[in-house]
Amino acid sequence: LYLDRIEAYDKQGPFINALIMLNPKALAEARRLDSLYKATGKFVGPLHGIPVIVKDNYDTFDMPTTNGTLAMKKSIPPDDAFVIQKIRQAGAIIIAKSNLAEFAQSGNFSVSSILPGYSRNPYDTRRTTAGSSGGTAAAVAADFGTIGLGTDTGSSIRGPAAHQSLVGFRCTLGLISRDGIAPLALTNDMGGPICRTVEDAVRVLEVI
């Protein structure tokens with residue numbers, strides 16, 4: 001359902017332009033999790049089978065982490081960011097890596113050298129997604145995934161969430177590991193959830 005929706009709306013139709021790449025192994029991982037549940041009757045964790053949109057400055061060992069810059073289009077990290085390890089252990093499926101302001105440098109819009117054009121606000125495509133995590137927020141608002149992960153240096157979780165009718169948590173420094181998240185300013189940087197409801201954001205926060 002989510003993959004069909006992405007195909008219909010991200011690069012055609014309203015051209016939300018929120019995603020840098022789909023996870024080519026997403027359906028295989030979904031089938032693996034389905035088979036585990038069928039065999040055992042148990043979830044592997046609290047996010048079993050939940051599709052997640054991940055901002056493309058979180059390291060993923062099996063997909064490029066571009067930081068929104070063409071120079072890193074094929075850069076594959078040696079391992080997952082700590083937060084990514086946690087969501088995978090909880091059973092989440094990374095369905096896509098989302099667009100961001102190049103090197104997460106803008107709190108006003110999401111435009112990278114990877115994708116032509118800006119990411120667009122699904123509520124009004126003439127309006128801003130508001131910040132480097134705008135790709136994640138636009139994807140969650142457009143229902144391309146159930147939940148999302150963003151990062152915030154100045155406003156890049158809070159701004160996109162506020163502009164797209166979502167819930168974003170910027171936490172106290174130290175609550176969430178920053179291992180494997182490309183830094184912009186280590187004095188401020190923080191990862192966190194961007195979700196449709198407070199409950200969803202709490203559930204993600206508890207995992208990460």
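A pocket is an open set of points on a 1 Å grid over the protein atoms alone, where a 1.4 Å probe fits, with protein on both sides within 12 Å along at least five of seven lines; lining residues have an atom within 4 Å of a point. The model is predicted: local features need pLDDT of at least 70, side-chain atom pairs count only at pLDDT 80 or more, and totals for chains, interfaces and linings use all residues. Residues are numbered from 1 along each chain as its sequence is written, and side-chain values use heavy atoms, without hydrogens or water.

**View A. Lining of the largest pocket.** Asn-23, Lys-25, Glu-29, Phe-61, Asp-62, Arg-88, Ala-92, Ile-93 and Ile-94 line the largest pocket. Its volume, the space filled by probe spheres set on the points, is about 190 Å³.

**View B. Strand β4, residues 147-152.** Strands are DSSP runs of E, at least two residues, numbered from the N terminus. One side of β4 carries Ile-147, Leu-149 and Thr-151; the other carries Gly-148, Gly-150 and Asp-152.

**View C. Partners of β4.** Strands pair if DSSP finds at least two bridges between them. β2 (residues 51-55) pairs with β4 in the parallel sense over three bridges. Val-52 has Ile-147 as its bridge partner. β6 (residues 190-195) pairs with β4 in the antiparallel sense over five bridges. Here Thr-151 stands opposite Gly-191.

**View D. Aromatic pair Tyr-37 and Phe-43.** Ring centres must lie within 6.5 Å to pair, and planes under 30 degrees apart count as stacked. The count comes to one aromatic pair. Tyr-37 and Phe-43 are stacked, 5.0 Å centre to centre, with 20° between the planes.

Technical notes:
Buried means under 20% relative accessible area, exposed over 50%, partly exposed in between (1.4 Å probe, protein chains only). Helices (H or I, at least four residues) and strands (E, at least two) are DSSP runs, numbered from the N terminus. Rings of Phe, Tyr and Trp (its six-membered ring) pair if their centres lie within 6.5 Å; planes under 30 degrees apart count as stacked, over 60 as edge-to-face and the rest as tilted.
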